[in-house]
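Colleague: Please take a close look at one part of this model for me. I would like the surroundings of the ligand, and then a word on the aromatic rings.

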Amino acid sequence: MRDTSFAPGRILIYLIVSLIAAAYLVPIIVVVLNSLRTSEEIAQTSMIGWPQRWAWSNYGIAWADFCVAQTCAGIRPYMLNSALVTIPATIISTLLGAVAGYAVSLWRFPGDRWIYGIVTLGLFLPQQMRLLPWTIVLRDVGLINTLSGLVMIHTIQGLSFTTLFCRNYYVAIPQELIRAARVDGAGFYRIFWRIVLPLSPPILIVTVIWQFTHIWNEFLYGVTFTTGQQQPVTAALIALTAAVADIPQYGVQSAAVMIAALPTLLVYVFGGRYFVRGLTAGAVK
Amino acid sequence: MAALTIRDVYKRFHSVEVLKGIDLEMDSGDFTVLVGPSGCGKSTLLNIIAGLERQSSGNIEIGGRIVDNIAPRDRDIAMVFQSYALYPSMTVRQNITFGMECRNVPRVQRDEAVGRVAKLLQIEALLDRKPGQLSGGQRQRVAMGRALVRDPLLFLFDEPLSNLDAQLRAEMRIEIKLLHQRLGSTIVYVTHDQIEAMTLATRIAVMRQGVVQQFADPETVYNRPANLFVARFMGAPPMNTLAARLEATRGRTVAVIGYGEAAIRFPVPPEAEGWNGRDVVLGIRPECIAEPTRHFSDLPGAVTTIVASVEMVEPTGAETIVVLRLGDERALGRVSPDVRHRLSETAQFAVDTRKISLFDPASGDRIT
Ligand SMILES: Nc1ncnc2c1ncn2[C@@H]1O[C@H](COP(=O)(O)OP(=O)(O)OP(=O)(O)O)[C@@H](O)[C@H]1O
Ligand SMILES: [Mg+2]
């Protein structure tokens with residue numbers, strides 16, 4: 001059934017939707033265009049404009065040559081930092097969240113509700129509130145200004161979300177399945193590995209995408225707990241824009257922003273479909 | 001040897017008492033059916049036997065060994081679940097061998113066991129499929145296969161047929177019965193279908209609200225129900241239970257239904273004598289009320305002929321159910337389909353009085 005009539009109400013809806021889409025898209029378009037214009041051109045004309053000459057070299061400079069703080073290696077090392085933080089933190093927090101979600105949804109143990117409640121409480125604490133405690137923890141374990149420190153923070157904080165999502169997915173798995181496996185002689189981890197995990201790809205894709213984009217885009221912890229060569233790319237971008245030069249390097253900076261956004265954009269383009277599907281999927285057909 | 005002993009088992013969920021002192025003993029080779037209305041605690045009891053749930057008090061003994069502190073996997077049991085609980089991501093073969101895999105049984109032995117069970121249940125062609133690709137009946141078979149492959153001391157079945165349509169259920173019922181006769185296994189089988197209970201069981205435990213009402217062989221449960229609950233629960237259509245009073249007439253005890261001219265009298269066993277002059281509930285199965293030409297028995301006094309008006313007839317094909325008026329009460333009879341009654345007409349019926357049960361109206365317990 002498809003309504004092909006153009007009722008006034010429908011036109012209005014399309015109009016509103018288009019406006020909202022434009023509001024989201026314009027800044028991205030401006031950045032994309034500027035990443036392909038020379039800085040001189042931007043300085044002489046305006047911030048918004050069609051490239052007169054395609055300045056592809058902006059990308060090369062942003063990637064490998066541009067000076068951030070005192071070093072002139074582009075954003076490449078910071079991209080690597082971000083990858084070294086995001087990939088392990090995403091994998092570890094997803095796996096731990098899956099095990100924790102499995103434990104609180106399919107196994108009854110004393111205090112299970114409390115543990116689940118406390119873990120998910122983390123979702124509701126503002127980030128700023130957690131800064132000081134993390135500072136103390138990082139100092140005490142000696143991980144200040146290290147990538148491992150950031151991995152630890154993102155893993156632990158990610159658990160609130162990954163546990164919540166996996167738990168809500170796993171409660172749809174029938175208890176009888178677990179009981180049958182227990183009678184068959186399987187223990188906690190064997191049941192997880194052989195029965196629950198094979199049912200999990202939809203929700204694991206969701207948590208991986210979510211964790212990856214959030215950790216990659218995270219800024220506050222990166223800028224607070226790391227300096228110089230240890231910073232993730234989000235923090236380094238700020239240093240980059242703060243670099244004082246004769247003429248503002250808007251073209252190169254825009255290219256740097258585009259490069260920094262590329263991983264999450266790719267994840268969205270290739271994984272977005274699975275993300276939506278996974279959110280609405282049930283564990284057992 | 002007692003294969004399973006349940007001793008004074010109580011189960012509370014928070015403050016709700018779900019099982020209230022269950023005592024049952026089953027011999028090796030018994031097919032025991034736990035039957036009762038929804039929510040009476042059948043699954044809870046089965047889960048306690050399996051060790052999946054812990055009783056609040058009491059003991060479970062399997063094969064002469066107290067298993068209260070033994071994990072399900074070490075109780076030497078196999079279980080079939082209502083939802084079949086097949087592992088969705090595994091093939092039928094892997095489903096069947098998962099238990100052996102967990103117990104580190106060598107591959108050769110596993111393959112041999114799968115072959116044997118697949119042949120027994122005729123699922124050889126399905127072994128490499130996933131549960132999602134099977135029909136309801138096939139899934140049921142695989143679930144059975146998963147239990148049968150283990151050769152345990154005790155099989156536990158929790159409503160294994162309730163998700164099948166009527167025809168398939170009847171077929172599987174016969175197969176399960178044949179399997180039991182062939183293998184001689186000890187089975188505890190939960191159902192709320194009293195036909196399954198009657199056809200499969202060697203012993204039936206009728207439960208209600210966490211209490212066993214009667215534990216006996218099917219014939220006893222059917223013909224000599226321990227109380228009104230069992231009388232009404234077992235049998236379809238259920239036993240007629242009619243208000244009556246006992247009187248002594250010419251030195252014999254009779255049950256009287258109705259008053260004056262229309263009163264109907266049935267002879268009752270002499271053991272009921274003590275209730276003379278008192279109200280009772282008279283129970284009689286519909287099949288004990290039939291057309292007057294029906295030959296129930298040659299014994300003198302076994303059959304009483306009554307006159308009653310017909311309120312309704314329900315032809316089912318094989319027989320016709322008639323609704324009769326007896327005094328102030330309604331009763332069902334089962335007559336031959338050749339007999340055609342008209343509504344509201346008065347007709348004669350033969351009643352097999354040997355199978356009359358009498359109950360105490362206050363407690364509902366059986367008198368004789
Ligand atoms: N985990 C639990 N927590 C609280 N109450 C429970 C729990 N499990 C079962 N009950 C209660 O115990 C009672 C018996 O449940 P049980 O599942 O044993 O019934 P059943 O006889 O198997 O019924 P059915 O025929 O519907 O399967 C029910 O009233 C149920 O609500
Ligand atoms: Mg049940």
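Modeller: What follows starts at the ligand and then turns to the rings. Keep in mind that this is a predicted model.

Ligand 1 sits among residues of chain B. Its shell consists of F13(B), V18(B), S38(B), G39(B), C40(B), G41(B), K42(B), S43(B), T44(B), E159(B) and H192(B). By class, that shell has six polar, three nonpolar and two charged residues. Helix α1 of chain B, residues 42–50, gives the most to it, with three residues.

Now the polar contacts. A polar side-chain atom of T44(B) is 2.5 Å from an oxygen atom of ligand 1. The backbone of G39(B) places a polar atom 2.8 Å from a ligand 1 oxygen. For E159(B), a side-chain N or O atom lies 3.2 Å from an oxygen of ligand 1. On its own, ligand 1 has 640 Å² of accessible area, and the protein covers 58% of that.

Next, the rings. Over all chains, the structure holds 17 aromatic pairs. One of them joins W50(A) and W54(A): the ring centres are 6.0 Å apart and the planes stand at 85°, so the pair is edge-to-face. W50(A) is exposed, at 60% relative accessible area. W54(A) is partly exposed, at 42%. Y169(A) and Y170(A) also pair edge-to-face, with 6.0 Å between centres and 65° between planes. Both of these tyrosines, Y169(A) and Y170(A), are buried. Y102(A), W107(A), F188(A), Y189(A) and F192(A) make up one aromatic cluster.

Chain B has charges over rings. The charged end of R285(B) sits over Y222(B), 3.8 Å from the ring centre. That of R203(B) sits over F215(B), 4.4 Å from the ring centre.

Key:
Residues numbered from 1 in each chain as written. Chains lettered and ligands numbered in written order. Predicted model: local features only at pLDDT ≥ 70, side-chain atom pairs only at ≥ 80, totals over all residues. Heavy atoms only, no water. Near = heavy atom within 4 Å. Polar contact = N/O pair within 3.5 Å; in protein donor to acceptor, adjacent residues only side chain to side chain. Areas by Shrake-Rupley, 256 points an atom, 1.4 Å probe, with all protein chains shown as cover. Helix = DSSP H or I, 4+ residues; strand = E, 2+ residues; numbered from the N terminus. Nonpolar A, V, L, I, M, F, W, Y, C, P; charged D, E, K, R; others polar. Phe/Tyr/Trp six-rings, centres within 6.5 Å; stacked < 30°, edge-to-face > 60°. Buried < 20%, exposed > 50% of the residue type's maximum accessible area, 1.4 Å probe, protein only. Lys NZ or Arg CZ within 6 Å of the ring centre and 35° of its normal.
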